[in-house]
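Me: I would like to learn how to read a fold from its coordinates. Please take me through strands, helices, salt bridges and cores in turn.

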Amino acid sequence: MAPPPAAAAAAVDGVGAHSVFVYGSLMQDEVVRTIIKRVPPSSPALLPNYHRFNIKGRIYPAILPVQSKKVAGKDTSETMLADTYVWADAEDPNLYGEWDFEEWKRLHMKDFLAMTHGFMDGLEQPESKSRVETYQSFMQEIQQPGTTTTTTQVEI
């Protein structure tokens, strides 16, 4: 998913409600439904002064602050503060070009959804590990050492 799965919008019944700007696989309603069992209302949104990069060897994007650029994503149409994942290493040599959501849908969405279903099914098994243990073992399989993301509050 890209970086760690995050809720795509406010929590049910407003408990712990917060806004999240999504810019990768979580822009696809089917992925969100698989992870949180619902699709919260959202609309196209732009994150100013950020750029969405491809990451070598990965099918999800990374964003970093870049003046005069914009990242298309989803949340709400009003200007607001929202949480989002921002790549921690601005000098990462694996970042390049611009990640394309339509290309991701065409080339990777089917396999990504299958992987996400498998991950979520594993969490629902009675003998399964905790969510943290399952996530950590899952990410060990797909994540290269030394890469991290941070959650950052941004104005969209």
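**Reading the fold**

Reply: Start with the sheet. It is open, has 3 strands in the order β2-β1-β4, and its pairing is antiparallel. The edge strands are β2 and β4, each of which pairs on one side only. This is a predicted model, where local features need pLDDT of at least 70, side-chain atom pairs count only at pLDDT 80 or more, and totals for chains, interfaces and linings use all residues. Residues are numbered from 1 along each chain as its sequence is written, and side-chain values use heavy atoms, with hydrogens and water left out.

Me: What counts as a helix or a strand, and when do two strands pair?

Reply: Both are DSSP runs, numbered from the N terminus: helices are H or I with at least four residues, strands are E with at least two. Two strands pair if DSSP finds at least two bridges between them. Here, strand β1 (residues 43-55) and strand β2 (residues 62-75) run antiparallel and are joined by 10 bridges. β1 also pairs with strand β4 (residues 95-96), again in the antiparallel sense, over 2 bridges.

Me: Which residue in β2 is the bridge partner of L47?

Reply: V71 is the partner of L47. P44 stands opposite K74, and F53 has A62 as its bridge partner. On the β4 side, N54 stands opposite Y96.

Me: How many residues lie between β1 and β2 in the hairpin?

Reply: There are 6 residues between them. Look at G57 in that turn: its phi is positive, about 80°.

Me: Now helices. How do I check the span of α3?

Reply: Compare the end-to-end distance with the expected span, which is 1.5 Å times one less than the number of residues. Helix α3 (residues 109-124) has 16 residues and reaches 22 Å from its first C-alpha to its last, close to the expected 22 Å.

Me: Which residues of α3 are buried?

Reply: First the cut-offs. Buried means under 20% relative accessible area, exposed means over 50%, and partly exposed lies in between (1.4 Å probe, protein chains only). In α3 the buried residues are M109, F112, L113, T116, F119, M120 and L123. Seen down the helix axis, they fall within an arc of 125°, so they line one face of α3. That arc is taken from the directions from the helix axis to the C-beta atoms. On the other side of α3, K110, D111 and A114 are exposed.

Me: How many salt bridges are there?

Reply: The rule asks for a side-chain nitrogen of Lys or Arg within 4 Å of a carboxyl oxygen of Asp or Glu. The count comes to 3. One joins K74 and D29, at 2.9 Å from N to O. This pair links distant parts of the chain: K74 is in strand β2, D29 is in helix α1 (residues 29-36), and they are 45 residues apart.

Me: Is K74 buried or exposed?

Reply: K74 is buried, at 17% relative accessible area.

Me: Where are E124 and K37, which meet in another salt bridge?

Reply: E124 and K37 meet at 3.1 Å, N to O. E124 is in helix α3 and K37 is in the loop between α1 and β1, 87 residues apart. E124 is partly exposed at 47%, while K37 is exposed at 54%. There is also a salt bridge between K105 and E102, at 3.4 Å from N to O. Those two are 3 residues apart in helix α2 (residues 101-107), separated by about one helical turn. K105 is partly exposed at 28%, and so is E102 at 44%.

Me: What is a nonpolar core?

Reply: The general idea comes first. In soluble globular proteins, nonpolar side chains tend to be buried together. A core is a set of buried Ala, Val, Leu, Ile, Met, Phe, Trp, Tyr and Cys residues joined through side-chain atoms within 4.5 Å. The largest one here has 17 residues, and those with the most contacts inside it are F21, L47, Y50, I63, V71, W87 and L95. Two or more residues come from each of β1, β2 and β3 (81-87). β1 gives the most, with 5 residues.

Me: Which residues is L95 in contact with?

Reply: Contact means heavy atoms within 4.5 Å. Leaving aside neighbours within four places in sequence, L95 touches F53, N54, I55, A62, L64, W87 and D89. A second, separate core has 13 residues, including V31, I35, W104 and L113.
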